[in-house]
Amino acid sequence: MKQLATLIECSLLWFLSIFELLKKQSKNKEKKMSIAFIDLLAQKKALGDKIDNAVQKVLDGGHYIMGPEVSELEQKLAEFVGSKYCVSCASGTDALLMPLTHLKLNKKDAVFVPAFTFTASAETVAQAGATPYFIDVLKDTYNLDPKSLRAAIAEAKEKGYHPAGILMVDIFGQAADVDEITKIAEEHNLWILDDAAQSFGAEYNGKRLGKVGFATSTSFFPAKPLGCYGDGGAIFTDDEALFEDLKSLRVHGQNKDDKYNNIQLGFTGRLDTIQAAILLAKLEIFPDEIKKRQEIAKRYNEALKDVCQVPVVKDDYLSVWAQYTITLKEGERDELIKKLTAAGIPTACYYPIPLHKMKAYEGISEVVGGELPVCDFLSTRVISLPMHPYLDEATQNLIIDEVKKALA
Ligand SMILES: *Cc1c(COP(=O)(O)O)cnc(C)c1O
């Protein structure tokens, strides 16, 4: 009798463990089907076998470094933005560091950088030898505040710095205030380097970014509007001397006439041929993807404008919507993240800590006026919702409903 009881007990336990396992598996399946923040696999599917064929062609061709796809891509990218030259490179960070290195900066050179951005915007300024001078941003576009820029230029002079240049960041897919920033740069004899890592394809006054300042840098990190399947970046310029120097810097400071007698210290800064081939395939559908992003942003704007502060795009500007970022009221964010997570909706927080509050910049940077109230405000209030060209209407409606429910 006792043996029988044990047997039943064991079978029951076995049955229960199988049941638990099945439950777990179905949960995992649910997870797999949940909404993507940026759906790169949907994009890959839309491209059919184009990517696979392009990669296979590179594999079979054997030119893995600086193969023909690299120069073909550079030519097409330059055409796309309307710049004279394009130099592809290993990352968006290298795309900033190489033109900054070209300038031969020192610690007394103040470079004005908004503090509400990814660290690479200021990291590269410091690595190139200059002092990042942090400035504030605007509440509506999240881009640098020209008033804060003016104040910083005056303050830097008083502190004995040489105001050298502006690192103009085009955040979340939208160009910063090009007219105003260009005007200030001209007045104070400052150069502009445009960090368009998040904004390749964006437009200001009907023109594509790529010609503001002495150079424009972009990134092809997978999650950026035009992304590859690894790291990659590019620099755009109309300046032939800079173009030649960037090509040297990209390959260890190579001398173009004598390959084995280097003229300067440089980088391992090349874009892989495989990544160039992938980008060539993706560039073909990129204009259509930008259009789709407009429709999705418009739908979000209309549905959410009454429950939160929706992003503002300037007149005659076109955002490529690298992020769709809303601003919430005090205390709303944690609760919203919790509710959306429970509903299977991913969110991201760009940026929870502004650069001037990071340990990395202690002692090597300046902050105009000692504090940046808007950067501090936004870092506790913003949240980004899923945004990519393949976000279908039903999924977007689900996201909208959950956000509205949570913020009601
Ligand atoms: C992503 C990003 C970079 C750096 O690009 P990587 O390709 O990741 O090196 C630079 N600046 C901004 C604003 C970015 O968002």
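A crossing counts as left-handed if the near helix is turned anticlockwise from the far one by less than a right angle, and as right-handed if clockwise. The model is predicted, so local features need pLDDT of at least 70 and side-chain atom pairs pLDDT 80 or more, while totals for chains, interfaces and linings use all residues. Residues are numbered from 1 along each chain as its sequence is written, and side-chain values use heavy atoms, without hydrogens and water.

I begin with the helices. Helix 3 (residues 50-61) and helix 10 (residues 273-304) cross at roughly 150°, their axes coming within 9 Å. The two are therefore roughly antiparallel, a term for angles over 145 degrees. Helix 3 passes helix 10 in a right-handed crossing. On the helix 3 side, the residues in contact (heavy atoms within 4.5 Å) include Ile51, Ala54 and Val58; among their counterparts in helix 10 are Ile274, Ala277 and Ala281. By class, this contact has nine nonpolar, one polar and three charged residues.

I turn now to the strands. Seven of the eight residues of strand 4 (residues 162-169) are buried, so the strand is largely enclosed by the rest of the structure; buried means under 20% relative accessible area with a 1.4 Å probe, protein chains only. Strand 4 pairs with strand 2 (residues 109-114) in the parallel sense over four bridges, and isoleucine 166 in strand 4 stands opposite phenylalanine 112. Strand 4 also runs parallel to strand 5 (residues 191-195), joined by five bridges. There, aspartate 195 in strand 5 is the bridge partner of valine 169.

Key
Axes are lines fitted to C-alpha atoms, for helices over the stretch in contact, and angles run from 0 to 180 degrees between N-to-C directions. Angles under 35 degrees count as roughly parallel, over 145 as roughly antiparallel, 65 to 115 as roughly perpendicular and the rest as oblique. Ala, Val, Leu, Ile, Met, Phe, Trp, Tyr, Cys and Pro count as nonpolar, Asp, Glu, Lys and Arg as charged, and the others, Gly among them, as polar. Buried means under 20% relative accessible area, exposed over 50%, partly exposed in between (1.4 Å probe, protein chains only). Two strands pair if DSSP finds at least two bridges between them.
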